[in-house]
Amino acid sequence: MIATAPSDVTPVWLTDRNTNELVDAELWHGIVDRNLADWEAEWIPDLQRRLKLLNQQKVERRFWPQSRHWDWRDKLREIERRLANLSFAIVAQDMTQAMMTIDLTKRARMPGNDGQHLVYIDFLEAAPWNRNDLAEEPARFGGCGSILINAAIQQSILEGFKGRIGLHSLPQANSFYANACGMTDLGQDATYENLRYFELDSDSARRFIEKGRGE
């Protein structure tokens, strides 16, 4: 059963893309019913509206958001009884702005860290209105991606994994993980839909935290 309240809440700040001012937000430790209700009532209709605009603009489907088929309720249902899977959500202005799920059972692949424990990011997605790849409308809030990457790093440190994280990236997000997050691109993974696999080692994780890197 999906929880009705997060296990913990951490204050964070997003950036209003129109004013460049900081906006108070919360990092919820655990995706709960409220977040899934926001996804169903607000994210899905907004995404469909934006996809309609892309279609009207005759944008090729290969440029459409590659996470558009994700079903967050199904994802949470799959992991809700697994102690090794955790989830996070960002809430601001009484609305869920982004969500992420992680897996604590995966191992590192980078030379020098091969076989070491890490936090693996299964899924990470910002609300449609916080993305730059959906029609021509400017993103509302910036910082969702970097806040969730930082949350994964902090969980890695808490678990004793020294900040190591890994993930398979959808092609549209490759640049963010490589350039904004400073993750190492370990190439396409033939066992995982040929998606590129990225890792962040402990030194790069420390630099990410110190510099506050990300979008």
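Trp70 is buried, and Trp72 is buried too (under 20% relative accessible area with a 1.4 Å probe, protein chains only). This is a predicted model, in which local features need pLDDT of at least 70 and side-chain atom pairs count only at pLDDT 80 or more, while totals for chains, interfaces and linings use all residues. Residues are numbered from 1 along each chain as its sequence is written, and side-chain values use heavy atoms, with hydrogens and water left out.

Let's stay with the rings for a moment. The structure holds five aromatic pairs (ring centres of Phe, Tyr or Trp, the last by its six-membered ring, within 6.5 Å). Trp70 and Trp72 have ring centres 6.2 Å apart and planes at 75°, so they pair edge-to-face (planes over 60 degrees apart). Together with Phe123, Trp70 and Trp72 form one aromatic cluster.

| Charged residue | Ring | Distance to ring centre |
|---|---|---|
| Lys75 | Phe123 | 3.5 Å |
| Arg109 | Tyr197 | 4.1 Å |

Now to the open space. The largest pocket holds about 710 Å³ (an open set of 1 Å grid points with protein on both sides within 12 Å along at least five of seven lines; lining residues have an atom within 4 Å of a point; the volume is that filled by probe spheres set on the points). Its lining counts 27 residues, and Leu124, Arg131, Leu170, Ala173 and Tyr177 are the closest to the pocket centre.

Key. 1 Å grid on protein atoms, 1.4 Å probe; cavity = no way out; pocket = protein on both sides within 12 Å on 5 of 7 lines; lining within 4 Å. Phe/Tyr/Trp six-rings, centres within 6.5 Å; stacked < 30°, edge-to-face > 60°. Buried < 20%, exposed > 50% of the residue type's maximum accessible area, 1.4 Å probe, protein only. Lys NZ or Arg CZ within 6 Å of the ring centre and 35° of its normal.
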